[in-house]
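I opened this structure for the first time today. These are my notes on what I looked up.

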Amino acid sequence: MIESLLVVVRWLRRLGVRIVAPLRADPEKSGFRLSSPETSTTTLDGDVGWGSRPPALLRCDRCGSDIYQRHPHDDIDCPRCVAEYDYDQFLDLELQHFFCSVCGSEMEHGHRHPNTIEVPEWATCHECRYHWEFRHDY
């Protein structure tokens, strides 16, 4: 009788391990978050709003050099010449691309309402599926 109970307990333990195994966190993955509902995408990670905009690579309109702007409210200072721009002069410079906040890859970006909103409205990383969306009223 006791042996029969031990067999049932072992069988239930194995069954429990098999059920729980897929639900355990994978130490190889850095995290899994679904995009915020505003983005309406199937990406793995995402942010909304200009304050969480990914880092940008801009072209200096004075010398043509690349300017890296890490945060959207950082001043834009050219590393090669004396040109200095306030963060609100972002639109005065040519945006080359955004860098993914998660993996650092170049992101595809674009406009949904080009005649209404001047700033890029979205950016997607095709490497890690990160997506950024500009917050605005529809």
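**Notebook: layout, a buried glutamine, a charged patch**

Entry one. I traced the order of the elements from the N terminus and read α-β-β-β-β-β-β-β-β-β. That is one helix and nine strands. I noted that the model is predicted.

Entry two. I picked Q69. I found Q69 in strand β3, which covers residues 66-69. Is Q69 buried or exposed? Its relative accessible area is 1%. Buried means under 20%, so Q69 counts as buried. Then I asked what the side chain of Q69 touches. Another is H71, where the side chain of Q69 reaches the backbone oxygen at 3.4 Å.

I turned to charge on the surface. Which residues gather in a patch of negative charge there? I listed D61, D75, D77, E84, D86, D88 and D92.

Where does D88 lie? I placed D88 in the loop between β5 (84-85) and β6 (94-99). I then checked its accessibility. The relative value for D88 is 58%. Exposed means over 50%, so D88 counts as exposed.

I set my two residues side by side. Q69 is buried at 1%, whereas D88 is exposed at 58%. Q69 sits in a strand, and D88 sits in a loop.

Key. Residues numbered from 1 in each chain as written. Predicted model: local features only at pLDDT ≥ 70, side-chain atom pairs only at ≥ 80, totals over all residues. Heavy atoms only, no water. Patch = residues over 30% accessible without salt bridge, like charges linked within 9 Å, V, L, I, M, F, W, Y side chains within 5 Å. Areas by Shrake-Rupley, 256 points an atom, 1.4 Å probe, with all protein chains shown as cover. Salt bridge = Lys/Arg side-chain N within 4 Å of Asp/Glu carboxyl O. Lys, Arg positive; Asp, Glu negative; His and termini not counted. Charge placed at Lys NZ, Arg CZ, Asp CG, Glu CD. Helix = DSSP H or I, 4+ residues; strand = E, 2+ residues; numbered from the N terminus. Buried < 20%, exposed > 50% of the residue type's maximum accessible area, 1.4 Å probe, protein only. Polar contact = N/O pair within 3.5 Å; in protein donor to acceptor, adjacent residues only side chain to side chain.
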